[in-house]
Amino acid sequence: MVQLFNVLLKSTKSPARAHFRSNFLDTLRLTVRGGHGGNGLPRYGGVGGQGGAVYFVAKEGLTLRKMAQGLKEKRVIASSGEDSSKLAIFGRRGADQRIEVPVGVQVYDEQQQLLADLNEADATCIVAGGGTGGCTGNNFIGRPGDHRTVNLDLKLIADVGLVGFPNAGKSTLLKAISNAKPKIAAYPFTTIRPQIGTIEYSDHRSISVADLPGLIEGAHANFGMGHKFLKHIERTRLLLFMVDIFGFQLSPRHPHRDCLTNIYALNKELELYDPTLLEKPCVLLLNKMDKEGAKDILTRLKPNIKDLQSGLAECPEEVRPNRVLKFHHILPISAKNLARITQVKRQLRETLDDVAAEQFVADEYQIKEKLQQRVGVIGPKIS
């Protein structure tokens with residue numbers, strides 16, 4: 001009877017719905033330990049081998065989930081150094097443990113101190129050093145290696161980051177302009193994990209676009225998906241804001257806010273999380289322009305959208321930013337209109353090229369300035 005009951009009970013347990021089983025992992029906790037140093041040999045003055053180290057190497061095309069699958073115990077231990085002996089006065093060093101991690105990973109210790117920022121391919125960092133071998137300085141007793149718990153925090157690296165409230169049409173846009181296949185539905189929060197798409201151009205140029213979970217008010221304080229969203233846009237070169245021209249209401253308990261107020265609210269969330277995000281170049285898309293009444297709303301709000309400072313006094317105090325964004329371009333679109341989508345793709349490319357050119361000029365000026373300082377006043381002038 002008990003066996004029958006257990007069989008019936010198991011049959012009632014259904015697996016979690018597919019879209020709740022996240023395939024995307026952006027944090028991982030590991031325990032790492034360097035190898036113990038080998039003991040020395042007092043009789044002959046022998047020195048024990050140093051313990052091996054644990055180090056990370058950033059690799060393209062790798063995800064934290066793949067990495068986690070290869071480290072099921074979430075524990076990495078390097079080999080110990082060999083003891084000194086009559087046959088080998090100097091003990092051999094322990095073998096290092098080389099762990100590949102995705103590009104864009106930041107490594108933190110238990111006190112949330114940043115140990116390394118691996119944002120380039122083949123960048124490396126030692127996270128647990130090996131213990132020193134036994135010698136005259138430590139009574140020939142090998143020392144233990146470093147032992148700590150580290151947190152790997154992945155921040156996506158993309159050219160463009162999509163920023164907007166839920167149901168603004170970000171997923172529809174990403175599907176239209178790139179090779180991504182995000183979930184699309186007529187309700188908010190269809191995107192619950194980051195999606196990366198690539199825009200391909202006829203001359204083989206490509207631009208990566210990250211569609212991130214919809215932002216909500218209070219995200220800076222980690223409400224909703226809060227920091228899971230905001231941390232990823234730190235690594236993007238361009239912010240692509242997308243708002244519904246008809247406004248947005250999160251729930252019946254929240255007020256309905258028009259398009260302009262939503263722009264201020266997005267502005268405020270970024271400012272509260274990290275004011276430096278406001279310095280990133282940004283483009284604004286006003287979506288759902290194909291619907292009736294959209295043009296009238298645009299005509300009424302356009303002057304204030306072009307100059308956000310001009311409408312700041314009328315903005316509700318709870319979403320009023322201290323410093324407003326300045327958009328490089330403002331594009332009224334419909335995410336389902338092919339001609340408008342082509343315009344968006346072209347504009348993103350032009351804006352990224354302009355930003356790269358400005359950065360090149362700024363870097364060149366800084367290099368010349370440093371060289372001039374090094375040469376000195378009496379040296380030749382660098383033009």
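Two strands are taken to pair if DSSP finds at least two bridges between them, and strands themselves are DSSP runs (E, at least two residues), numbered from the N terminus together with helices (H or I, at least four residues). By this rule strand β10 (residues 195-200) runs antiparallel to β11 and is joined to β11 by 6 bridges. The model is predicted, so local features are reported at pLDDT of at least 70 and side-chain atom pairs at pLDDT 80 or more, while totals for chains, interfaces and linings use all residues. Residues are numbered from 1 along each chain as its sequence is written, and side-chain values use heavy atoms, with hydrogens and water left out.

Strand β11 is mostly covered, as 5 of its 6 residues are buried; buried denotes under 20% relative accessible area, exposed over 50%, and partly exposed the range in between (1.4 Å probe, protein chains only).

A separate description applies to an open sheet of 3 strands, in which the order is β4-β2-β7 and the pairing is mixed. Its edge strands, β4 (97-102) and β7 (124-128), each pair on one side only. From one strand to the next the twist averages 30°, with axes taken as lines fitted to C-alpha atoms (for helices over the stretch in contact) and angles running from 0 to 180 degrees between N-to-C directions. Strand β2 (residues 54-59) runs parallel to β4, and 6 bridges join the two. Val57 stands opposite Glu100 in β4.

Aromatic pairs were assigned to rings of Phe, Tyr and Trp (its six-membered ring) with centres within 6.5 Å; planes under 30 degrees apart count as stacked, over 60 as edge-to-face and the rest as tilted. The count comes to 2 aromatic pairs. Phe165 and Phe248 form a stacked pair, with 5.6 Å centre to centre and 5° between the planes. Phe165 lies in the loop between β9 (158-163) and α3 (170-177), and Phe248 in the loop between β12 (236-244) and α5 (259-273), so this pair ties together parts that are 83 residues apart in sequence. Both Phe165 and Phe248 are buried. The rings of Phe241 and Phe327 have centres 5.6 Å apart and planes at 75°, and the pair is therefore edge-to-face. Phe241 belongs to strand β12 and Phe327 to the loop between α6 (294-306) and β14 (329-332), so that distant parts of the chain, 86 residues apart, are linked. Phe241 counts as buried because its relative accessibility is 1%, and Phe327 counts as buried at 13%.

One ring also carries a charge. The charged end of Arg349 sits over the ring of Tyr201, 5.0 Å from the ring centre; the criterion is NZ of Lys or CZ of Arg within 6 Å of the ring centre and within 35 degrees of the ring normal.

Most residues other than glycine have a negative phi. Gln112 is not a glycine but has a positive phi of about 60°, and is placed in the loop between β5 (105-108) and β6 (114-118). Phe140, likewise not a glycine, has a positive phi of about 65°. Phe140 lies in the loop between β7 and β8 (147-154) and counts as buried because its relative accessibility is 16%. The C-alpha atoms of Phe140 and Leu41 are separated by 6.5 Å, although the two residues are 99 apart along the chain. Leaving aside residues up to four places away in sequence, Phe140 touches Asn39, Gly40, Leu41, Pro42, Gly45, Gly46, Gly134 and Cys135, where contact means heavy atoms within 4.5 Å.

The structure holds 0 disulfides, a disulfide being a pair of cysteine sulfur atoms within 2.5 Å. Cys259 counts as buried because its relative accessibility is 0%. Cys315 is also buried, with a relative accessible area of 4%.
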